[in-house]
Amino acid sequence: MAKKADKYALYLASVQDPEHEVWFFHRVFKKEFKRTPLVLREDFCGTAAVCYDWVKKSKEHRAIGVDIDPEPLNWGREHLAPLIKAKQLERVTLLQDDVRKVQGDKADMVGAQNFSFWCFKDRQTVTDYFRTAYANLKDEGIFLLDMMGGSETLEEDRKESSDKETEDGKKFEYVWEQERFDPITHDCRFHIHFKFRDGSRMKRAFTYEWRLWTIPEVREMLLEAGFGRVDVYWEDTGEDGEGNGNYRVRKHAESDPAWVSYMVAVKK
Ligand SMILES: C[S@@+](CC[C@H](N)C(=O)[O-])C[C@H]1O[C@@H](n2cnc3c(N)ncnc32)[C@H](O)[C@@H]1O
């Protein structure tokens, strides 16, 4: 089963919900500017799953996806592009390039999802990237990033798994491994593995060598790069004490052993 499996399909079924991202991007932008965002730039887009969903919103929605690696871009072209209409596809532009370049049409929103900018490990590089994101936005725009943290994120040799299912109903297990965390540099090494019902495994389908950045550091760098305000969208807690999927702007939050939040930087 592992040999036959497609790592990008498994990734999409495990960690990405493009429809929800597109909905959330609209919610955040509309709250700020009282209008609909039309042009999205998806930095570190991978398969560009969010771009392909974005252009379904209206005839005026356009998306620019940027990724340095041709492999996920081509996977998206092969597997996701055929799922939308030809007219919608005309409004998706993919750039195989470094996100640190100012290029293409300016966007209403720039998104950098799944902690991707953590591959930049020093302050100068991150701030320069944030300046680029700022320059790639129109005069009014939103830059949206996601962040994770909490005491469990700092643990080494930690594995967490959950049961998942692909679009075509194939069950598998998703495993998130935190192999290494260096408390001095905050360098970390994380892996995604997949396990199958026949006992076969796809080990290290994805490996991330990142620096674990914190919210206050990222906020300071965003402001330094020119953004006027940075909001943190923190997840509400349900009656069971777990996150309920509803994110709201919060200035303070309770300590949590494992959290994911959004940072929203406003240009206006
Ligand atoms: C963690 S994946 C995220 C994919 C997708 N955005 C998501 O949310 O699932 C990180 C992506 O960033 C890309 N990448 C890494 N460095 C980059 C750079 N400097 N410029 C553009 N893309 C980069 C990788 O090729 C990879 O596809």
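A: In this predicted model, the protein chain contains seven helices and twelve strands. Its radius of gyration is 18 Å, close to the 18 Å that the globule rule gives for 268 residues, so the chain is as compact as a globular protein of that length. The C-alpha trace extends over about 55 × 45 × 40 Å along its principal axes.

The chain is divided into domain 1, made of residues 7-149 + 212-267, and domain 2, made of residues 156-210. Their C-alpha centres are 22 Å apart. Where they meet, ten residues of domain 1 are in contact with 14 residues of domain 2. On the domain 1 side, the touching residues comprise eight nonpolar, one polar and one charged.

The core itself may now be considered. Of the 268 residues of the chain, 32% count as buried. In soluble globular proteins, nonpolar side chains tend to be buried together. The largest nonpolar core here has 57 residues, and those touching the most other members are Leu40, Ala48, Cys51, Met109, Phe143 and Leu144. Both domains take part, with at least three residues of this core drawn from each of domain 1 and domain 2.

Cysteine 51, leaving aside residues up to four places away in sequence, touches Leu40, Glu42, Cys45, Ala63, Gly65 and Val92. Alanine 48 is located in the loop between β1 (39-43) and α3 (49-54). With 27 other C-beta atoms within 10 Å, alanine 48 is buried, because 20 or more such atoms are required for that class. Alanine 48, although not a glycine, has a positive phi of about 65°.

Aspartate 157 is found in the loop between β5 (137-149) and β6 (158-165). There, aspartate 157 is exposed, with 9 other C-beta atoms within 10 Å.

Finally, the surroundings of the ligand may be described. The ligand has 15 residues around it, of which Phe44, Gly46, Asp69, Gln113 and Asn114 come nearest. By class, this shell consists of seven nonpolar, five polar and three charged residues.

How values were computed: Residues numbered from 1 in each chain as written. Predicted model: local features only at pLDDT ≥ 70, side-chain atom pairs only at ≥ 80, totals over all residues. Domains from an automatic or database assignment. Contact = placed C-beta atoms within 7 Å. Nonpolar A, V, L, I, M, F, W, Y, C, P; charged D, E, K, R; others polar. Core = buried A, V, L, I, M, F, W, Y, C linked by C-beta atoms within 7 Å. Buried ≥ 20, exposed ≤ 12 C-beta atoms within 10 Å, placed from the backbone. Helix = DSSP H or I, 4+ residues; strand = E, 2+ residues; numbered from the N terminus. Rg over C-alpha atoms; globule rule 2.2 N^0.38 Å. Near = placed C-beta within 6 Å.
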